[in-house]
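Reader: Could you take me through one part of this model closely, with the cut-offs spelled out as you go? I would enjoy a connected account.

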Amino acid sequence: MTFTESRDLRTGDVPWLDTDWPSRPSDPFPAGPVDIAILGSGIVGAVIADRLSDSGRRIALFDRRPPGCGSTAASTAEIMWAMDVPMSHLSRDMGEAEAARRWRRVHEAVRDFAHRIDALGIEAGRVERPTLYLAGTILDEDGLAREAEMHRRYCLPSTFLRGEEVAKRFDIAPRAAIVSQGGFEIEPVRLCHAMLDRACQRGATLSWPVDVTALHPADGGILLETTDGRTCHARDVILATGYERAPLFLPPAFGLHSTLAIATPPGSAPLWGEQAMIWEASDPYLYVRTDRLGRIIAGGEDIDTSDEAGRDALLGAKAGTIAAKLETMLQNGPITIDRQWAATFGASPDGLPAIGSVATMPNVWMAAGFGGNGIAFASLAAQMLERELGGEADPDRDCFSPYRFD
């Protein structure tokens, strides 16, 4: 029994072949105390470890599975700063200035992430793409126009296009849209492993499979206890366990759902202009991109359950629906499905993550990227935790606090 959930996070065939990303060998379990223990070696844990390793801290990562082989491997890896809950909708609950504050901070985190990947020379297939946000059931044409205007007021790079402009520029079915700049695609497991390698080159250790059973406050820090009785003392612990939640620490407002995705055979793409990353202002929404091998990767048809059996039973039918919607959007077909998979993902009422200190145990921090922007939120968490662990309060800590819905 552990204090985090244990889940079958994905099933089916993802386009990132296991043979393409052999796991980094496990390091020996730490023989002495460390400054920071990070639970989870997926993309969130990797991005945080990479950032914090620059300071020379003693960092130890632990994971119950091979690094990057959980939800990270199921990601469609569209890195966008626009979020699931539109800024105009978020402003209804907290006011326009507060909504813009959160959106601008996520935009900054995505821009910083791109610069860091490039500056470090990390080979992760990063390619910048425009983002096309199509009118749907959440925002119609008029709603999109208002949303784009709000983006512009706060210097977020977005332009509203009428349906005929979208059709002409992107060669898809005419539908009003917001086109935004600053997004990019990556290869998620490749990036995860590269950042883990960089952290380990700077002294971090990565131990797997290691299942942490419990955390105990001890001697000004935290004592980690594993299923096989080993212990490690850390001054601070960061929970980057993804969608295997820690229910004692993460409030129930952060829920779990399931998403489905497909990939076409290599060489199928592009079938639209500028190889834009496309998604819809709908619930559920279709999201689409291409990859370096010329696949079309598309997902959606989300369901409000994290039950693995129920999710997997729907995979075939949902994959067919995604392909049919894609054919309608692109006015091109038929779409051939080469791979299909299902995965657990997390969501929150405002579409924003849970980042910050845990209320019920000192020296424990949460980095839960719940929402449709998990990898973008990994960069945000790294920014915030670097500042907080350095003794400086992040100015936006209340915006992303795990307890903001209490």
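Author: Happy to! Two strands pair if DSSP finds at least two bridges between them. Helices (H or I, at least four residues) and strands (E, at least two) are themselves DSSP runs, numbered from the N terminus. This is a predicted model, in which local features need pLDDT of at least 70 and side-chain atom pairs count only at pLDDT 80 or more, while totals for chains, interfaces and linings use all residues. Residues are numbered from 1 along each chain as its sequence is written, and side-chain values use heavy atoms, with hydrogens and water left out.

Let us begin with the strands. Leu-224 stands opposite Cys-232 in E11, and Leu-224 is also the bridge partner of Leu-215. Strand E9 (residues 212-218) and strand E10 (residues 221-226) run antiparallel, joined by 6 bridges. Their hairpin has 2 residues between the strands, and Asp-219 there takes a positive phi near 50 degrees. E10 is also antiparallel to strand E11 (residues 231-239), with 4 bridges joining them. This second hairpin has 4 residues between its strands, and Gly-229 in the turn has a positive phi of about 90 degrees.

Now for helix H4, residues 141-153. The expected span of a helix is 1.5 Å times one less than its number of residues, so the 13 residues of H4 should span 18 Å; the end C-alpha atoms are 19 Å apart, which agrees. Buried here means under 20% relative accessible area, exposed over 50%, and partly exposed in between (1.4 Å probe, protein chains only). The buried residues of H4 are Gly-143, Leu-144, Glu-147, Ala-148, Met-150 and His-151. Seen down the axis of H4, these buried residues fall within an arc of 160 degrees, so they line one face of the helix; the arc is that of the directions from the helix axis to the C-beta atoms. They pack (heavy atoms within 4.5 Å) against helices H2 and H3 and strands E5, E6 and E7.

At the N-terminal end, Asp-140 caps H4, with a side-chain oxygen 3.3 Å from the backbone nitrogen of Asp-142. Just after H4, Cys-155 takes a positive phi of about 60 degrees. Cys-155 counts as exposed because its relative accessibility is 63%. A disulfide is a pair of cysteine sulfur atoms within 2.5 Å. The closest cysteine sulfur to that of Cys-155 is in Cys-399, 18 Å away, so it is too far for a bond. A search of the whole structure finds 0 disulfides.

Methods. A polar contact is a pair of N or O atoms within 3.5 Å; within protein, one must be able to donate a hydrogen and the other to accept it, and residues adjacent in sequence count only if both atoms are side-chain atoms.
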